Amino acid sequence: MRIVITVGGSIIIKDHDYKKFQDYANVLRSMAEEHQIMVVVGGGRTARDYIGIARDLGASEALCDDIGIEVTRLNARLLITALEGDAYPRVPHNFSEALEFSTSGKIVVMGGTEPAHSTDAVGSILAEFVGADLLLNATSVDGLFDKDPNKYPDAHMFPQITPSAMMKLLSDKEMKAGTYEFLDKTAIQIIGRSRIKTVILNGEYPENLKKAINEKIGTLIVPNSE
């Protein structure tokens, strides 16, 4: 099975602690014994800090995005370091390179690609590009909620949801560099058109990635009814 995994920077670089990279590396190695694994890593608070400085300096949103992308690629390099010889040693800068590197049989780790594409969008496009069987979206909460569960105790988690229903949830949201919603509209549109099996799960516990292959966990995105 070919599996694409997106890991939010708010998870992997949250405390600037090498142990989280090690924990992810151990789980990814285990998964790679039976599956082809490709990972997209986000920028997290570090990227937002850099983006904030650039924005204060008067940089365009596109340039802010570009700076954020560089941070995601640094995080990807850290995960590659943790994976040692089990990862392809270079960070692909586009989807063609990612597919090419995957022929090595090693775990491929990348960051962002171009302005206006969040980590989630990159992950969904990559999954479509390489014909992935499963897309796992590792976030800081247990699944997709109707509102922020960290702020609202009555937030409801969806066991499953369609892309069209997700689009309705996001219809009034504003999107700027470094402030993307749970899954942005590009990611949802790609998942919808490609009908990729997608699970949103809590990435604070890397073992959840393995569980999602065979167990019900988090939020399952199911195809729109025709």
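**Briefing: helix faces, a pocket and selected residues**

Phe95, Ala98, Phe101 and Ser102 are the buried residues of helix α5 (residues 95-102). Viewed down the axis of α5, they fall within an arc of 125°, so they line one face of the helix. The model is predicted: local features need pLDDT of at least 70, side-chain atom pairs count only at pLDDT 80 or more, and totals for chains, interfaces and linings use all residues. Residues are numbered from 1 along each chain as its sequence is written, and side-chain values use heavy atoms, with hydrogens and water left out.

**Terms**

- Buried means under 20% relative accessible area, exposed means over 50%, and partly exposed lies in between (1.4 Å probe, protein chains only).
- Helices (H or I, at least four residues) and strands (E, at least two) are DSSP runs, numbered from the N terminus.
- The arc is taken over the directions from the helix axis to the C-beta atoms.
- A contact means heavy atoms within 4.5 Å.

**Confidence**

- Mean pLDDT (the predictor's confidence in each residue, from 0 to 100) is 91 for the protein, and 95% of its residues reach 70 or more.
- Over residues 175-180, pLDDT stays under 50.
- The model has 16 contacts beyond four places in sequence for residues 175-180.
- Where pLDDT is low, the predicted coordinates should not be read in detail.

**Helix packing**

- The cover over the buried residues of α5 includes β1 (2-7), β2 (36-41), β3 (108-110) and α6 (119-130).
- In α9 (residues 207-214), the buried residues are Asn208, Leu209, Ala212 and Ile213.
- Seen down the axis of α9, these buried residues fall within an arc of 155°, so they line one face of the helix.
- β1, α2, β4 (134-139) and β8 (198-202) are among the elements that cover the buried residues of α9.
- An α-helix has 3.6 residues a turn, so residues three or four places apart point the same way.

**Second largest pocket**

- By class, the lining has six nonpolar (Ala, Val, Leu, Ile, Met, Phe, Trp, Tyr, Cys, Pro), three polar (the others, Gly among them) and three charged residues (Asp, Glu, Lys, Arg).

**Asparagine 75**

- Asparagine 75 is found in helix α4 (residues 61-83).
- At 4% relative accessibility, asparagine 75 counts as buried.
- Not counting residues up to four places away in sequence, asparagine 75 touches Ile13, Phe21, Val41, Gly42 and Gly43.

**Loop residues**

- Histidine 16 sits in the loop between α1 (9-12) and α2 (18-32).
- Its phi is positive, about 50°, although histidine 16 is not a glycine.
- Histidine 16 is partly exposed, with a relative accessible area of 49%.
- Glutamate 84 lies in the loop between α4 and α5, has a positive phi of about 55° although it is not a glycine, and is exposed at 58% relative accessible area.
- Glutamate 114 is in the loop between β3 and α6 and is partly exposed at 41%.
- Glutamate 114 and asparagine 208 are 94 residues apart in sequence and 29 Å apart in space, C-alpha to C-alpha.
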